[in-house]
Amino acid sequence: MVETQYDLIIIGSGPSGEGAAMNAAKAGRKVAVIDMRQRVGGNCTHQGTIPSKALRHAVHQVMQFNRNPMFRHISEQKWLSYSQVRETAQRVIDKQVAMRARFYSRNGIDLFYGVASFVDTHSIHVDQGDEQADVLTAKEFIIATGSRPWRPPGVDFNHPRIFDSDTILNSTDTPRHIVIYGAGVIGSEYASIFNGLGCKVDLINPGGRLLAFMDDEISDALSYHLRGHGVLVRHNETFKSVEAFDDHIVLSLESGKKIKADAFMWANGRSGNTDNLNLPAVGLEANRRGQLEVDEHYRTSVENIYAAGDVVGWPSLASAAYDQGRSASGVIVQNNTYRHINDVPTGIYTIPEISSVGLTEGELTDAKVPYEVGKAYFKDIARAQITGEDVGVLKLLFHRESLELLGIHCFGDQAAEILHIGQAIMAQKNGGNTIRYFIEHTFNYPTMAEAYRVAALNGLNRIF
């Protein structure tokens, strides 16, 4: 057994844990990171963001090939199996792990692999299995253990035809027909992926709209697009049960509907990874979703224990988690890197992508803000016509008097990249946040960024 003293111990090596560790190490603190896997990267690298987005990219490339008439002279349509696109995801995961391992080594951060549990407010036990364990002590801790899919009782997730968003990554089969329950970010993304593989997809939504937190028009655009490609979307349906057989599953809904398919995926809700931390030993208690409550400085109710990333809930995005972890350690080391993460762009990697920052039309209307709308449809943008990715729209919401940008919403290819141009303008102070920026500066042509100029002109034409 090893006993070692640190300034800061971080539990979890995902984005929040990594952000916290690098910031503290660069401030001269002695830092250790504990992860239950034998490889760094956390859920983001191994079971969430990286593998799902790598899958999505591979599927999108196949779709581009099949849609492009130029390639008909070379070959007939091609279809990849799910296991084939999984191979591309694994290659990306391996690269990410190698790169991130170098980060820890280069910054002199000690890595421990095992299950961490608190002994008291200044020491933690690391169970490495095979009766091997370490006890580490530290002045401060950051819990960055992330989250996992919530599993409803009565569903046999050990059956080879029943999956959640973690276990779907281990599937080796390409189902002809899959039912996905839950039409949030994860459900919508996987509906796009399997639809792109040529699978029949039923997307079951407990709510009345896809991605209800998004701007109505963008949500409707995704729904229309998915339906146009054959995805059957069922709204306002509640899960009752799922039966699994050797060659099919049957989903029963509270409405009385029954759906037969080859596979079932549960994509409705997540839980914080706090079960194994022995929180009572330090006087902490997770909520019913396994999440920890923190103040605006990411401190829990225990003075020397902080938490960041998915384990604290909103916004449950890898991008925000990295910044939250960095900010939490910034509070600890006091190196002026703290900022409260409260204005986060949303990137949803359906096919096509969705991205958003700022307020929606509904929020502005409810707040009685006099706003106007400027739009640029991708079908009218030269670059989109060249690439063939002409489905989509860039939507700018701005104050009709001050011309200040209030919200940016984009649906279409590269939406998550396109959004950041507008985000940068929204962040400007002293009059710099104005929609006029987009008509007073020259954009490269042809580019997707040119959509900002088109949308700005469209919006300003509405002002009188």
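In which loop is Pro315 found? I began my notes with this residue, in a model that is predicted.

**Entry 1**

I located Pro315 in the loop between strand S17 (305–307) and H7. For Pro446, the place is the loop between helix H11 (437–440) and helix H12 (451–460).

**Entry 2: the protein as a whole**

I recorded 12 helices and 22 strands in the protein. Along the principal axes, the C-alpha atoms fill a box of roughly 65 × 65 × 45 Å. I next asked what radius of gyration a compact globule with 464 residues would have.

**Entry 3: helix H1 and its two partners**

I followed helix H1 (residues 15–26) to helix H4 (residues 82–106), and noted that the two pack at an angle of about 30 degrees with their axes 10 Å apart. Angles under 35 degrees count as roughly parallel. H1 and H4 are therefore roughly parallel to each other. Their crossing is left-handed. On the H1 side I listed Gly17, Glu18, Ala21 and Met22, which meet Arg100, Phe103 and Tyr104 in H4. I sorted the residues of this contact into 4 nonpolar, 1 polar and 2 charged.

I then turned to helix H7 (residues 318–333), whose axis comes within 7 Å of that of H1, with a crossing at roughly 35 degrees. H1 passes H7 in a right-handed crossing. Which residues make this contact? From H1 I wrote down Pro15, Ser16, Glu18, Gly19, Ala20, Asn23 and Ala24, and from H7 I wrote down Ala318, Ala321, Tyr322, Gly325, Arg326, Ser329, Gly330 and Val333. The residues of the contact of H1 with H7 divide into 7 nonpolar, 6 polar and 2 charged. I marked Glu18 in my list, as this residue of H1 takes part in the contact with H4 and in the contact with H7.

**Entry 4: helices H3 and H5**

How far apart are the axes of helix H3 (residues 49–67) and helix H5 (residues 185–196)? I noted 9 Å, with a packing angle of about 40 degrees. The crossing of H3 and H5 is left-handed. In H3, the residues Ser52, Lys53, Leu55, Arg56, Val59 and Met63 meet Glu189, Tyr190, Ile193 and Gly196 in H5. I counted this contact by residue class as 5 nonpolar, 2 polar and 3 charged.

**Entry 5: positive phi in two loops**

I looked up Asp130, which is not a glycine and has a positive phi near 55 degrees. Its place is the loop between strand S5 (123–129) and strand S6 (132–143). Is Asp130 buried or exposed? Asp130 counts as exposed because its relative accessibility is 75%, and the cut-off for exposed is over 50%.

Leu403 likewise is not a glycine and has a positive phi, of about 65 degrees. I found Leu403 in the loop between strand S21 (392–399) and strand S22 (405–412). Leu403 is buried, as its relative accessible area is 15% and buried means under 20%.

**Entry 6: two buried residues**

I located Phe378 in the loop between strand S20 (371–377) and helix H9 (382–387). Phe378 counts as buried because its relative accessibility is 0%. I also noted that Phe378 and Thr447 stand 69 residues apart along the chain, while their C-alpha atoms are separated by 11 Å.

Lastly I looked up Gln96, whose place is in helix H4. Gln96 is buried, with a relative accessible area of 17%. Which residues does Gln96 touch, not counting those up to four places away in sequence? I wrote down Thr45 and Ile50.

Conventions
Residues are numbered from 1 along each chain as its sequence is written. This is a predicted model: local features need pLDDT of at least 70, side-chain atom pairs count only at pLDDT 80 or more; totals for chains, interfaces and linings use all residues. Side-chain values use heavy atoms; hydrogens and water are left out. Axes are lines fitted to C-alpha atoms, for helices over the stretch in contact, and angles run from 0 to 180 degrees between N-to-C directions. Helices (H or I, at least four residues) and strands (E, at least two) are DSSP runs, numbered from the N terminus. Angles under 35 degrees count as roughly parallel, over 145 as roughly antiparallel, 65 to 115 as roughly perpendicular and the rest as oblique. A crossing is left-handed if the near helix is turned anticlockwise from the far one by less than a right angle, and right-handed if clockwise. Contact means heavy atoms within 4.5 Å. Ala, Val, Leu, Ile, Met, Phe, Trp, Tyr, Cys and Pro count as nonpolar, Asp, Glu, Lys and Arg as charged, and the others, Gly among them, as polar. The radius of gyration is taken over C-alpha atoms; the globule rule is 2.2 Å times the number of residues to the power 0.38. Buried means under 20% relative accessible area, exposed over 50%, partly exposed in between (1.4 Å probe, protein chains only).
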